[in-house]
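Let's take a friendly walk through a protein model together. Keep the sequence and the 3D view open while you read.

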Amino acid sequence: MTSKYWSDLVAQLDPYVPGEQPNIANLVKLNTNENPFGPSPRVLEAIRAATGDNLRLYPPPDADRLKAAIAACHGVAVAQVFVGNGSDEVLAHVFQAFFSGRRDILFPDITYSFYPVYCGLYRIGYRAVPLAEDFTLAVADYRGENGGIIFPNPNAPTGVALPLGAVESLVAANGDSVVVVDEAYVDFGAESAIALVDRHPNLLVVQTLSKSRSLAGLRVGFAIGHPVLIEGLERVKNSFNSYPLDQLAIAGAVASFEDDAYFQQMRSLVIDNREQLRQALTARGFASLPSSANFLFTRHPDFGGAELAARLRDRGVVVRHFNKERIHPFLRITVGTAEQQQRLLSALDDILA
Ligand SMILES: *Cc1c(COP(=O)(O)O)cnc(C)c1O
């Protein structure tokens, strides 16, 4: 479809397609890497407490309370923290602020599929760097002139993590460009590069409250890096939307950082369930990539990914399948509750029989 009213840019866009949010009763939804466990009760209480007459006022434009909570949690200065309406919005600002388009940026050939979409929106050229056969990222492939580098760690949709030492050599070898580490899943078992930001002014780390803090519906993400990078992001943000985080989001997000015990408990539950799911899938003939995330990327020798996904859907279980080169045999299955995983496994037993 196109229209004479559209700008040339809009006509050329190739928008991101999110995993579906089907409205079907009793569905086992393991397709978008949401947390199966709810947010902290203290978060819900804080949101309720923030709901009142004060909603007629604009929120604080810099979400100072939230920046302070994030800075305290990660041991950095407030001037090293940027916040946005989900990490997708933070990432969009990152592309506009640091990836000039004068040179191609680099990201893995198998990665978060929003990156090429932002390149289209901001007219930035890119080169997709192939991952190794085993889906690991080789730092040596990210040398030479480039307009910036971005990759998730752990990677999506593979779940494979890059050790911190390798992240640091990649950052150090690319001092003339900004290296962005998208840590949407880092709390499920990878090492955060936040530990490196004081040593590397070209490093920006992006995280989200959507996955490990179970707040995908609240839309809060953040970035940590050198104050000069944060100032660059603030310039874009203040040219786009002064109030990306509403009062309820700020209140809920602050409460999440204040309830560390709940956070630690929930993320280890997810990690335990992931290992149980891995074993159960292995027992059924699946081979899963090593995952440091809240999902498994897994394939069965006797079935194609598309076929398995369709047959699971017929049985009320949705998982994610990517109809793309190299990864079409795989399913990306989000870690669920024990009951959800049991329903997935029963459906698989039925299909494999
Ligand atoms: C989920 C995800 C995001 C987006 O998270 P939001 O904060 O919900 O926008 C960003 N990057 C990767 C790799 C993700 O999987």
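## Before we start

This is a predicted model, in which local features need pLDDT of at least 70 and side-chain atom pairs count only at pLDDT 80 or more, while totals for chains, interfaces and linings use all residues. Residues are numbered from 1 along each chain as its sequence is written, and side-chain values use heavy atoms, with hydrogens and water left out.

## Aromatic pairs

A pair of aromatic rings is described by the distance of the centres and the angle of the planes. Here, rings of Phe, Tyr and Trp (its six-membered ring) pair if their centres lie within 6.5 Å; planes under 30 degrees apart count as stacked, over 60 as edge-to-face and the rest as tilted. Searching the whole structure turns up 15 aromatic pairs. Take F114 and Y118: their ring centres are 4.4 Å apart and their planes are at 10°, so this pair is stacked. Both residues belong to helix 5 (residues 114–122), where they are four residues apart, about one turn of the helix. Helices (H or I, at least four residues) and strands (E, at least two) are DSSP runs, numbered from the N terminus. An α-helix has 3.6 residues a turn, so residues three or four places apart point the same way.

## A cluster, and charges over rings

F114 and Y118 also belong to one aromatic cluster, together with Y16, F95, F99, F107, Y112, Y115 and Y126.

Some rings have a charge above them. A charge sits over a ring if NZ of Lys or CZ of Arg is within 6 Å of the ring centre and within 35 degrees of the ring normal. R299 lies over the face of F330, at 5.5 Å from the ring centre. Elsewhere, the charged end of R213 is over the ring of F263, 3.9 Å from its centre.

## Salt bridges

Side chains of opposite charge can pair when their charged atoms come close. A salt bridge is a side-chain nitrogen of Lys or Arg within 4 Å of a carboxyl oxygen of Asp or Glu, and by this rule there are 12 salt bridges. One of them joins K237 and D62 (3.7 Å, N to O). K237 lies in helix 7 and D62 in the loop between helix 2 and helix 3, so the pair ties together parts that are 175 residues apart in sequence. K237 is buried, at 2% relative accessible area, whereas D62 is partly exposed, at 33%.

Another salt bridge joins D349 and R284 (2.7 Å, N to O). D349 is in helix 11 (residues 338–352) and R284 in the loop between helix 9 (260–283) and strand 9 (287–288), so parts 65 residues apart in sequence are tied together.

E89 is in helix 4 (residues 86–98). The side chain of E89 does reach the backbone nitrogen of N85, at 2.9 Å.

## Backbone details

The bond from N153 to P154 is cis, with omega near -5°, and the bond from A156 to P157 is cis, with omega near 5°. P154 is in the loop between strand 5 (149–152) and helix 6 (164–172), and P157 is in the loop between strand 5 and helix 6.

Finally, look at two asparagines. N26 has a positive phi of about 70° although it is not a glycine, and N26 is exposed, with a relative accessible area of 62%. N33 has a positive phi near 60°, but N33 counts as buried, at 1%.

Terms used
A polar contact is a pair of N or O atoms within 3.5 Å; within protein, one must be able to donate a hydrogen and the other to accept it, and residues adjacent in sequence count only if both atoms are side-chain atoms. Buried means under 20% relative accessible area, exposed over 50%, partly exposed in between (1.4 Å probe, protein chains only).
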